[in-house]
Amino acid sequence: MEKRKTIKGEINFKGKGLDKGEICEIILKPNEKKGIFFLVEGKFYPLKELEPSYSKRGTCLIFEKNSVLYVEHLMSAIYGTGIDDVIIEIKGDEIPFFDGSAKIFIEKILEKGLEEKEEELEFYKVKKAFSKSFNGSRISILPGEDFEISYKFTREPYLKYRYDFIFSKESYVKEIAPSKTFITYEEAKALKEKGFFEGGDENLAIIFKDNDIINKSILTFEDEPARHKILDVIGDISLLGKRFKGKFLFEGTGHRDHIEFLPFLEAFSGYGREIDSEEIRKILPHDYPFLLVDKVLSLEEDRIVGIKNVSYNEEFFKGHFPKRKIMPGVLIVEAIVQTGGIMVFERFKEEHSLKNKIPVFTGIENVKFKKAVYPSDTLYMVVELLRFKGKVCKLRGFALKEEGIVCEGTFTAIISDV
């Protein structure tokens, strides 16, 4: 069984940022705790609590007061070298862009070396085949025993590349890390005229003009654009803070598509056991018609994925509403929390006597409803345990259907006597 890893010592990176052309600095530090943490202006931020976004043809992370641009190459290098637990101190609002690839990050990380920890590494396996189309692009995932990524261009007539990659640390370092980013001459000129990409030049990106590359001297591979897309994909997927196994096909996608797909990857993957409806009835104090979880797809230590198949015959559709049947938002919240309740009751059944106990809401924070739920929809509830102390537990989760997230929020409940 593979173990979690951190770096053996601090690694300092200092270089020019792509957007402003100013010198920025990051420091990687060993992390005794589990996971990836960012240190910004003296405050620690767990990766799993940050919201990724995209801006100026790159991926960014949003902190309280600012956002940090172009995190994808660094995060790809961290995933690619096998680092699971690390502290990333950021000074500035960009990550050094170096030569437009992950090569510099890789070289320094490999030079410093990794340290194996005692804790075993869990791989999140794709459990449901799924395909999601965006505007002219598509992402498909299938179960598989390796981490396989294929990328093919579909939108740009001058890009006829495809690359198929099976992940390993050695293959990543050799085949993916040295691949540089790319851009068209017209895009680069337009962005420069707007005052962006002040730190960019013809040595940092493969430049296409009139369907041909005008700076071929910087090429490392003939199919370098497709390899670089896989570098970007790994960097974007790594923002979930998990390692995956499965088959991934990306067709014509960019950072925006990758970020928007992350909730689906969260919902359709896991490493835990499945639980059927009869076992759920034994775990939770609820029962039909108010039991709103039909199946558990993955029960893990601090995370759970549950499923609710919304049928036309649900009791609440009789009055909500007779002319347009919509699942009440409060019941979507209830389904999320019931899913979290299964995790809490199962995880702590040995430590606490939860027999004849029921969970009672004490707080709901930052709840957003984003899409309506109709008969025949299937909801996937993804819930993470933030804290369980005494009788109080705090959960964060979302419910998703194939069109996207329908509800998300943070929930507090107290375990009470019946």
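## Asn366

Asn366 is exposed, with a relative accessible area of 62%; exposed means over 50%, buried under 20% and partly exposed in between, with a 1.4 Å probe and protein chains only. This is a predicted model, in which local features need pLDDT of at least 70, side-chain atom pairs count only at pLDDT 80 or more, and totals for chains, interfaces and linings use all residues. Residues are numbered from 1 along each chain as its sequence is written, and side-chain values use heavy atoms, with hydrogens and water left out.

Asn366 belongs to strand 24 (residues 357–369); strands are DSSP runs of E with at least two residues, helices are runs of H or I with at least four, and both are numbered from the N terminus. Not counting residues up to four places away in sequence, Asn366 touches Glu408 and Gly409, a contact being heavy atoms within 4.5 Å. Asn366 and Glu408 are 42 residues apart in sequence, with 7.8 Å from C-alpha to C-alpha.

## Cysteines

The structure has 0 disulfides, a disulfide being a pair of cysteine sulfur atoms within 2.5 Å. For Cys60, the nearest cysteine sulfur is that of Cys24, 14 Å away. Cys60 is buried, at a relative accessible area of 5%.

The closest cysteine sulfur to that of Cys393 is in Cys407, and because the distance is 17 Å, it is too far for a bond. Cys393 is also buried, with a relative accessible area of 3%.
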